Amino acid sequence: MNILHVHSGNIFGGVERMLETLSPASSGRLPVHSTFALCFDGIVADRLRAADATVHVLGPVHARQMSEIRHARRALSGVLQREQWDAVVVHSAWSQAIFGPTILNSRTPLVRWLHAPQPGPRLLEFWARRSRPALVLCNSQYTADHGAAQIAG
């Protein structure tokens, strides 16, 4: 299974540690192959590369800068066209809002990984919901019970 994880990559916290944990799945020895597409080339990208993961840098994105969004969406579109992906996983409302339309246009299943029961800010979740995921993954039953309905909503 060939999975592309799309994330901002500009800070390092729990989600980024989890991505680092997934990076051994890029080695080809497992049935799941993970590749990463990040907006920012920093500590997250460095740690993933140190684990021999493939990292595509899409370019910095600030949600108020439409030119940056267009540039990063074109970069992601190129990544999506160069390989056959079984799914594209986004790890935040921000990533879903920014990249959801591009992922859906590629006809690749969009998956939202919900890492906490409280979704992102209301306006961001509203924007994200314009690109409905095929699947919502939750890190726990608690998260599923308290957050997943808001994402699918």
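These legends walk through several close-up views of a predicted model.

Residues are numbered from 1 along each chain as its sequence is written. Because the model is predicted, local features need pLDDT of at least 70 and side-chain atom pairs count only at pLDDT 80 or more, while totals for chains, interfaces and linings use all residues; side-chain values use heavy atoms, leaving out hydrogens and water.

**View 1. Arg47 reaches from helix α2 to Glu20 in helix α1.**
Side chains of opposite charge can pair when their charged atoms come close. Here a salt bridge is a side-chain nitrogen of Lys or Arg within 4 Å of a carboxyl oxygen of Asp or Glu, and the structure holds 5 of them. Arg47 and Glu20 make one, with the closest N and O atoms 3.3 Å apart. This pair links distant parts of the chain, 27 residues apart: Arg47 sits in α2 (residues 43-50) and Glu20 in α1 (residues 14-22). Helices (H or I, at least four residues) and strands (E, at least two) are DSSP runs, numbered from the N terminus. Arg47 itself is partly exposed, at 29% relative accessible area; the scale runs from buried (under 20%) through partly exposed to exposed (over 50%), using a 1.4 Å probe and protein chains only.

**View 2. Arg49 pairs with Asp41 and with Asp46.**
For the bridge to Asp41, the closest N and O atoms are 3.0 Å apart. For Asp46, the N to O distance is 3.4 Å. Arg49 and Asp46 both lie in helix α2, 3 residues apart, or about one turn of the helix. Arg49 is partly exposed, at 34% relative accessible area, and Asp46 is partly exposed too, at 46%.

**View 3. Helix α4 is largely enclosed by the rest of the structure.**
Of its 13 residues, 10 are buried, including Ala93, Ser95, Ile98 and Gly100. What covers these buried residues? The cover includes β1 (2-7), α3 (66-82), β4 (87-90), β5 (110-114) and α5 (122-128). After α4 comes Arg107, with a positive phi near 65 degrees.

**View 4. Trp94 and Phe99 form an aromatic pair.**
A search of the whole structure turns up 1 aromatic pair. The ring centres of Trp94 and Phe99 are 6.4 Å apart and the planes meet at 80 degrees, so the pair is edge-to-face. To pair, rings of Phe, Tyr and Trp (its six-membered ring) need centres within 6.5 Å; planes under 30 degrees apart count as stacked, over 60 as edge-to-face and the rest as tilted. Both Trp94 and Phe99 are buried.

**View 5. His5 is tucked into strand β1 and is buried.**
Its relative accessibility is 4%. Leaving aside residues up to four places away in sequence, His5 touches Leu19, Leu22, Ser34, Thr35, Phe36, Ala37, Val89 and His91, where contact means heavy atoms within 4.5 Å.
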